[in-house]
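Let's take a friendly look at how side chains pack in this model. Here are the sequence and structure to follow along with.

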Amino acid sequence: MLGLQPTPDKPQGAAASLLNGLTVLEAFSVAKRSLLGVTEISELVGLHKSTVSRMLTGLDEAGYVQRDEDTGRYRLGLGMIGLAGPLLAELGVRRAALPHLEELTEATGETAAIAVWNGTNAIVVEQTASPHQVKHSAAIGTRYNKFASSSVRVFLAELPPEETDRLLAGQTVLREGYLGLEDAAHEQLAGVREQGFAVNDGETTYEEYGVSAPVRDYRGAVVGCITASAPRARVQHQQSQFLLREAVLEAAQRVSTRLGSRPGETSPMC
């Protein structure tokens, strides 16, 4: 039985309703049939039939379940796809990127990573570390919120200026001395948009060099960001800036192609 067991501190009110709704949805993941009736769900989750019926009515209105007119039973609705979409996209990007990250590291000898955007941060979801003893790397789950970060700039470049301004003015994305819509940050982002990549040449820390390029899906929307990062001293000594940039652009294009993007295809800024 999936039902919430009575406890002294059992949630009340809105919290209880939310948990009940989620419990009803969970019934569809354990049942052997796609169509379930109120009684069946009630037995599966341990909630009263009247509670289940009320939850299903609300979930139906929201599109998370759909009532079959012939049987009166319910199936999961298309709204669940929209709810899970960002997670599915993130997982798809990570799987699509991994072999190309490995190739990028092999070609450059530097750390390669892919990040996704959660609305406020660039989050590393996969990486392949440089084989060098001295290297730059970040654990999976690392979040970046500094404007100077090349990955953050790649994502910000896709946003309308008003949204970028809100993030910078509220210090959700950090930029010291931000001056509003007239700040040079917006001109820099326009350059990133036009060139298709961003460079961090010692701007976050003096020792780091990073270059990032966007990954696009079949709609042309940016769903990830490929980054190569290296010790700045090594990049300067080897004069490998061009190599890193071209390798990152190629890797980002290959991952984009795997996700259905066509060359030169971009989505309009939302």
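**Contacts of Val 215**

Contact here means heavy atoms within 4.5 Å. Leaving aside neighbours within four places in sequence, Val 215 touches Ile 114, Ala 221, Val 222, Val 223, Gly 224, Cys 225, Ile 226, Ala 252, Val 255, Ser 256 and Leu 259.

This is a predicted model, in which local features need pLDDT of at least 70, side-chain atom pairs count only at pLDDT 80 or more, and totals for chains, interfaces and linings use all residues. Residues are numbered from 1 along each chain as its sequence is written, and side-chain values use heavy atoms, leaving out hydrogens and water.

**Nonpolar cores**

A nonpolar core is a set of buried Ala, Val, Leu, Ile, Met, Phe, Trp, Tyr and Cys residues joined through side-chain atoms within 4.5 Å. Buried means under 20% relative accessible area, exposed over 50%, and partly exposed in between (1.4 Å probe, protein chains only).

The largest nonpolar core has 26 residues, and Leu 104, Ile 114, Val 215, Ile 226 and Val 248 have the most contacts inside it. At least two residues of this core come from each of H4 (79–108), S3 (111–117), S4 (122–128), S7 (208–216), S8 (222–231) and H9 (241–258). Helices (H or I, at least four residues) and strands (E, at least two) are DSSP runs, numbered from the N terminus. H9 gives the largest share, 6 residues. Another core, of 18 residues, lies apart and includes Val 152 and Leu 168.

**An aromatic pair**

Rings of Phe, Tyr and Trp (its six-membered ring) pair if their centres lie within 6.5 Å; planes under 30 degrees apart count as stacked, over 60 as edge-to-face and the rest as tilted. Trp 117 and Phe 155 are stacked, at 5.5 Å centre to centre and 25° between the planes. Phe 155 is buried, at 4% relative accessible area, while Trp 117 is partly exposed, at 21%.
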